[in-house]
Amino acid sequence: GQKAQFISIHYMPEAAKEAAEFDIPHWQDAIDDLDEQAALIKACDLVITVNQTLVHTSGALAQKTWVLTPSKPAWRYGLKGRKMAWYPTVTQFRQKKGEDWSGAVGRLSNDLKGFIRSHHARSDRGARTELEGSRAGSGN
C-alpha cells in the first residue's frame with residue numbers, strides 16, 4: 001500500500017525519546033536552530049500538530065498544517081470553523097463539545113488517508129512525465 005514517512009519536529013526535551021519509542025526520526029540539532037527548523041518544516045508535505053508553537057511557525061511559513069484543536073481553545077484558534085484567521089494554510093480538526101479526542105483524531109485520520117493517496121497519485125504522474133520527457137530527449 002501507499003506509505004507516509006513521519007518525522008518529529010517537536011521541540012520539548014522529551015521529544016527525542018518519545019520519537020524513538022515509535023521509530024520516528026528526530027533531529028534535535030535542526031529543531032534547536034530556527035533556520036534549520038524552518039527548512040525542515042518547509043521540506044514536509046504536511047505538518048500535523050496540536051495547539052502549540054509549531055502551529056504558528058508552520059503557519060507563518062505558509063506550510064500546509066493540520067492542527068488538533070480542543071473544544072475550548074485559546075482565543076487565537078477561534079471558536080468555530082476549520083481555518084485560522086492568521087494562517088490560511090492551517091486547517092483545524094476541532095474536538096466537538098463533550099467529545100473525547102477519538103472523534104477529531106478519526107476525522108484527521110480519514111483526511112490523511114485521502115491526502116496520502118492524492119500525494120502518491122501526483123508523485124506517480126510527475127515521475128511518469130519526467131520519464132517520458134527523458135525518453136523524448138534521448139531520442140527513444
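Start by selecting strand β3, residues 90-94, in this predicted model. Both of its faces are covered: Val 90, Gln 92 and Arg 94 are buried on one side, and Thr 91 and Phe 93 are buried on the other. In a regular strand, side chains alternate between the two faces of the sheet. Five of the five residues of β3 are buried, so the strand is largely enclosed by the rest of the structure.

β2 and β3 run parallel and are joined by five bridges.

Next, show the side chains of Asp 111 and Arg 82, which meet in a salt bridge at 3.2 Å, N to O. Asp 111 sits in helix α5 and Arg 82 in the loop between β2 and β3, so the pair ties together parts that are 29 residues apart in sequence.

Glu 99 and Arg 107 meet at 3.0 Å, N to O. Glu 21 pairs with Lys 17, with their closest N and O atoms 3.9 Å apart; both lie in helix α1, four residues apart, about one turn of the helix. Glu 21 and Lys 17 are both exposed.

Finish at the largest pocket, with a volume of about 980 Å³. Select Phe 6, Ile 7, Ser 8, Leu 46 and Ile 48, which lie nearest its centre among 32 lining residues. Which element gives the largest share of the lining? Helix α5 does, with eight residues. By class, the lining has 21 nonpolar, eight polar and three charged residues.

Conventions. Residues numbered from 1 in each chain as written. Predicted model: local features only at pLDDT ≥ 70, side-chain atom pairs only at ≥ 80, totals over all residues. Heavy atoms only, no water. 1 Å grid on protein atoms, 1.4 Å probe; cavity = no way out; pocket = protein on both sides within 12 Å on 5 of 7 lines; lining within 4 Å. Points joined across faces, edges and corners; volume = space filled by probe spheres on them. Helix = DSSP H or I, 4+ residues; strand = E, 2+ residues; numbered from the N terminus. Nonpolar A, V, L, I, M, F, W, Y, C, P; charged D, E, K, R; others polar. Buried < 20%, exposed > 50% of the residue type's maximum accessible area, 1.4 Å probe, protein only. Pairing = 2+ DSSP bridges. Salt bridge = Lys/Arg side-chain N within 4 Å of Asp/Glu carboxyl O.
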